[in-house]
Amino acid sequence: MPPDHTERRVVVTGPPRRTGRASGYYRPRTEIDEQTTLGHTYVRSLMRTQLRAALAVFAVLGLLVGPLPLLFAAMPDARRLEWAVLGFGLYVPLVLLARWYVRRAERNERDFVRLVEDR
């Protein structure tokens, strides 16, 4: 008898070559780029945290510098004290306040990027 020359079909199983995204999966970066409602909410959240930091700095600055005219009006003969307070006394707190604000703003942005990135 002649050998059977019918071809056999072989099924090979393995991991799929293309993996599709799950239907419930979303990418925040895409939401922001496409300006959807969810993307708008993400951006508003970042803006709100940045505004909160700016208002905190403004409040501290107001409490630090606001009472100075009253203090200077109470002591009319202390011109040198006024210049010393304005020139030297406020420099260090203003630099520290500005430094805090910049670090806070950068931290807010880093947190936002971590939220948006696919990690």
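Let's start with G39, which lies in helix α2; helices here are DSSP runs of H or I with at least four residues, strands are E runs of at least two, and both are numbered from the N terminus. Is G39 buried or exposed? At 3% relative accessibility, G39 counts as buried, where buried means under 20% relative accessible area, exposed means over 50%, and partly exposed is in between, with a 1.4 Å probe and protein chains only. Setting aside neighbours within four places in sequence, G39 touches E31 and I32, a contact being heavy atoms within 4.5 Å.

The model is predicted, with local features needing pLDDT of at least 70 and side-chain atom pairs counting only at pLDDT 80 or more, while totals for chains, interfaces and linings use all residues. Residues are numbered from 1 along each chain as its sequence is written, and side-chain values use heavy atoms, with hydrogens and water left out.

Now the chain as a whole. You are looking at five helices and zero strands, running α-α-α-α-α from the N terminus on. Of the 119 residues, 15% are buried. Among contacts with a separation of 6 or more, 69% join residues 24 or more positions apart. The accessible surface comes to about 10700 Å², and carbon and sulfur atoms hold 60% of that; this is the Shrake-Rupley method with a 1.4 Å probe, and for residues only the protein chains shown count as cover.

Back to α2, residues 37-65. Its 29 residues should span 42 Å at 1.5 Å a residue, and the end C-alpha atoms are 41 Å apart, which agrees; the expected span is 1.5 Å times one less than the number of residues. Besides G39, the buried residues of α2 are Y42, L46, Q50, A53 and V57. Their cover includes α1 and α5.

So how do α2 and α5 pack? The angle is about 170° and the axes are 10 Å apart, with axes fitted to C-alpha atoms, for helices over the stretch in contact, and angles from 0 to 180 degrees between N-to-C directions. The two helices are therefore roughly antiparallel; that label is for angles over 145 degrees, with under 35 roughly parallel, 65 to 115 roughly perpendicular and the rest oblique. Taking part from α2 are Y42, L46 and A53, among others, and from α5 the list includes L97, W100 and F112. By class, this contact has 18 nonpolar, three polar and two charged residues. Here Ala, Val, Leu, Ile, Met, Phe, Trp, Tyr, Cys and Pro are nonpolar, Asp, Glu, Lys and Arg are charged, and the others, Gly among them, are polar.

Over on α5, the buried residues are L97, A105, N108, F112 and V116, and they pack against α1 and α2. V102, also in α5, is partly exposed at 42% relative accessible area. V102 and A53 are 49 residues apart in sequence, yet 9.5 Å apart in space, C-alpha to C-alpha.

G87, F88 and G89 of α4 meet Y91, V92 and P93 of α5, giving four nonpolar, two polar and no charged residues.
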